[in-house]
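Subject: Handover of a structure

Dear colleague,

I am passing the structure below to you.

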Amino acid sequence: MGKHLILVGGGHAHLAILNKTREFTARGHRVTLVSPSPFHDYSGVGPGLLSGRYRLAEARFNVARMAAAGGGHFVEASAAGIDPANRRLILDDGTNLGYNVISFNCGSRVAFAAPDESLGKTVFPVKPIANLYHARQRIIEAGRDGKKPRLLVIGGGPAGCEVTGNLQELVEQERLEADIVLVAGARLLDSFGEGVRERVRSQLSRRPIRLLEGIRVSALQARQADLDDGRSVAFDFCFLASGIAPAGPFAGSPLAGGGDGLRVNSFLHSPFHPDIFGGGDCIDYLPRPLDKVGVYAVRQSPVLHHNLMAALEDRAMIKFQAQTHYLLIFNLGLNRALATGYGVCWTGRSALYLKSFLDRRFIRSFREHP
């Protein structure tokens, strides 16, 4: 008799599984995808949504349709909790679903508090990715009304740098007058080597920008950021790119073991509940900490696919082997990009062309789903 598999979230680690839903349903298993939206937006092209390099329709996958095409079922909801003892997933509307095996790939959230009334109006976290598309529309509208938008980016990591560079492209392409301030925290790209930092700083400084290093935002209001040195920065539009935390119903749960992410072992399941799996940004990988980069979620997908079927049918599982090196490419707008990894680092259009090729190939591989 078939069993019930629930997939929570349609992110990178679940996309290949959704592409093969029929493999599960053909063997008599039920598959349910639970997600707050029928679409999953690809984070790799998020900054390009802000500058206009990509349209929103180009950046998203219809995960609900992918599930249905393979005989699965889609539930539009968010996971609010989980009852491992009774194998029940609790949804945000108060209902619950039973499962035999469940897998979480619900991504991450920006770990910075903002006034609720300002979200989507003046304050835009970089996740969910569609926020960047909507922010673009608001900035263009403000410029057409004759205003000089004051643009603030909080966070000096890769996301903050990409947002800043693509704001520069948006301002130039739309012929707007704007002030751009980047509050970078300790320093720009603090976890990277000096060579990478200097290259990115040089690229961003080619257009007007006010870069604040050694300073953090201590509090955020609807149109003002208070800094930890006593000053404040007024803004019309603010972008939160100050670090991410796992999303999902794990915070404070024994499944997270004191953190926010689902703790999983090398088989990508909970060491105490082997029917609970996870991948991507929402997990805490016990063998060693993993950077929050899409490459790990993509590489986890085939392992999850195999192990979810194995869990449903009592077969042997395989281990996920986390790579230690990978290539990162930052889209810095205005035909600028920086690529770093495997001991090399370079900037220029060739890096941006490579990123565009890889991103479009990834999108196309799932767009061609029948």
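Helices and strands here are DSSP runs, helices of at least four residues and strands of at least two, numbered from the N terminus. Please note that the model is predicted.

I begin with the loop between strand 11 (123–125) and helix 5, where Pro128 is found. The peptide bond that joins Lys127 and Pro128 is cis, with omega at about 5 degrees. In general, most peptide bonds are trans, and most residues other than glycine have a negative phi.

Helix 5 covers residues 130–144. Its 15 residues reach 22 Å from the first C-alpha to the last, close to the 21 Å expected at 1.5 Å a residue. Among the buried residues of helix 5 are Leu132, Ala135, Arg136, Ile139 and Ile140. Just after this helix, Gly146 takes a positive phi of about 85 degrees.

Helix 6 is mostly covered, with 12 of its 16 residues buried. The buried residues include Cys161, Glu162, Val163, Leu167, Leu170 and Val171.

Arg175, in the loop between helix 6 and strand 13 (179–183), has a positive phi of about 55 degrees although it is not a glycine. Leu189, in the loop between strand 13 and helix 7 (194–204), likewise is not a glycine and has a positive phi, of about 50 degrees. Is each of them buried or exposed? Arg175 counts as exposed because its relative accessibility is 79%, whereas Leu189 counts as buried at 1%.

Thr21 lies in helix 2 (residues 21–25) and counts as buried, at 1% relative accessibility. Leaving aside neighbours within four places in sequence, Thr21 is in contact with Val31, Met66, Ala67, Gly70 and Gly72.

There is also an open sheet of three strands, in the order 6-7-8, with antiparallel pairing. Strand 6 (79–83) and strand 8 (96–98) stand at its edges; each has a single partner strand, so one side of each is left without a neighbour in the sheet. Neighbouring strands of the sheet are turned by 20 degrees against each other on average, direction ignored. Strand 6 and strand 7 (residues 88–91) pair over four bridges, and Arg88 in strand 7 is the bridge partner of Asp83.

Finally, how many disulfides does a search of the whole structure find? The search finds zero. Cys106 is in no disulfide, and the nearest cysteine sulfur, in Cys282, is 4.0 Å away. Cys106 is partly exposed, with a relative accessible area of 26%. Cys238 is buried, with a relative accessible area of 0%. The closest cysteine sulfur to that of Cys238 is in Cys161, at 15 Å, which is too far for a bond.

With kind regards

Terms used: Residues are numbered from 1 along each chain as its sequence is written. This is a predicted model: local features need pLDDT of at least 70, side-chain atom pairs count only at pLDDT 80 or more; totals for chains, interfaces and linings use all residues. Side-chain values use heavy atoms; hydrogens and water are left out. Buried means under 20% relative accessible area, exposed over 50%, partly exposed in between (1.4 Å probe, protein chains only). A disulfide is a pair of cysteine sulfur atoms within 2.5 Å. Two strands pair if DSSP finds at least two bridges between them. Axes are lines fitted to C-alpha atoms, for helices over the stretch in contact, and angles run from 0 to 180 degrees between N-to-C directions. The expected span of a helix is 1.5 Å times one less than its number of residues. Contact means heavy atoms within 4.5 Å.
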